[in-house]
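Open your viewer, switch to a cartoon view and keep the selection panel handy. We will walk from one selection to the next.

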Amino acid sequence: MKVVVCIKNNQICDNVRDYGIYVAKILKSQISFVAIMENQELGDSFYGLAAGGIVLGEKDMILSNYQNLEQENNEETLKKIQEYLDKCVKKANLEGLKAEQTLKKGDFIDIISTYKNEADMFITAARYDESDDIDFNANMLIKELKVPVLLVNKEFSPIKSVLLAFDGTLSSVKIAGFIHNSPLFSNAKKYIINISEDEEKSKEALKIAKDIIGEENAKYVYINGTDAGEEIIKFRRANKLDLIATGSFSKNFLKKLIVGSVSQEVITNALVPILVVA
């Protein structure tokens with residue numbers, strides 16, 4: 001089995017790499033660094049090129065100039081990514097890991113899906129610039145592959161504590177089991193919270209979580225509230241926790257947390273990685 005680290009040529013790639021190495025060491029897994037150059041359609045750069053002095057009526061000339069420029073840019077980008085992948089493998093090897101790297105062109109999901117049956121976990125950036133909601137490819141990883149995904153949004157630091165938002169549904173039960181069984185959280189302090197206006201139902205849900213995770217190094221907390229995203233962020237900050245863990249397709253707030261209206265709020269303001277187990 002292996003940890004698959006999705007590399008993109010941007011400012012957060014070092015953080016993604018470092019979390020990947022950390023996770024692979026704890027899980028005693030091989031690590032695979034994967035970079036994918038996706039096929040691009042003619043877009044803004046094409047129209048900018050056209051507006052820059054090429055006559056729009058001369059279609060063949062436009063396409064020829066655009067394609068030549070795109071090829072030059074792609075070749076330079078591929079060279080930089082390949083150099084970075086080589087550095088990733090070297091660093092992983094120095095950490096005692098067996099590492100490999102892959103650089104391919106094509107559709108992200110088609111290529112990354114080939115790792116589905118051998119991946120312990122995928123690690124990728126949560127988003128790629130300050131204006132983004134959850135990265136599209138990260139979202140597709142969660143939806144399509146059903147393998148744990150760690151969304152990275154900060155500089156690396158060891159995972160010494162984890163926050164699980166638990167609602168008693170099958171999705172949250174699954175991630176509670178993952179936290180209980182994964183070596184990644186063996187020594188981590190675990191905080192399990194339930195957010196509800198019904199305290200009795202909340203206690204019932206937390207009991208389910210306690211039956212799975214146990215009481216050792218774990219704390220169970222009822223929070224009276226309705227805004228799940230806000231309460232998760234507040235609790236994480238107040239307790240200075242290292243990671244948020246969640247299921248992705250629960251019936252209520254857990255679904256919204258990752259693929260709905262509050263995803264940007266959590267990813268932008270949580271300031272820690274988010275582990276999603278679909």
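A term to start with: two strands pair if DSSP finds at least two bridges between them. Helices (H or I, at least four residues) and strands (E, at least two) are DSSP runs, numbered from the N terminus. This is a predicted model, where local features need pLDDT of at least 70, side-chain atom pairs count only at pLDDT 80 or more, and totals for chains, interfaces and linings use all residues. Residues are numbered from 1 along each chain as its sequence is written, and side-chain values use heavy atoms, with hydrogens and water left out.

Select residues 189-196 and 218-224. These are strands β7 and β8, a parallel pair with 7 bridges. Within this pair, Asn-194 has Tyr-222 of β8 as its bridge partner.

Show side chains for the contact (heavy atoms within 4.5 Å): α6 brings Val-173, Ala-176, Gly-177 and His-180, while α7 brings Ile-208, Ile-212 and Ile-213.

Next, zoom out to the open sheet of 10 strands, with mixed pairing and the order β3-β2-β1-β4-β5-β10-β9-β6-β7-β8. Strands β3 (99-105) and β8 are at the edges with a single partner each, so one side of each has no neighbour in the sheet. From one strand to the next, the twist averages 20 degrees.

Finally, select 161-165 and 244-247: β6 and β9 pair in the parallel sense over 2 bridges. Here Leu-164 stands opposite Ala-245 of β9.

Conventions:
Axes are lines fitted to C-alpha atoms, for helices over the stretch in contact, and angles run from 0 to 180 degrees between N-to-C directions.
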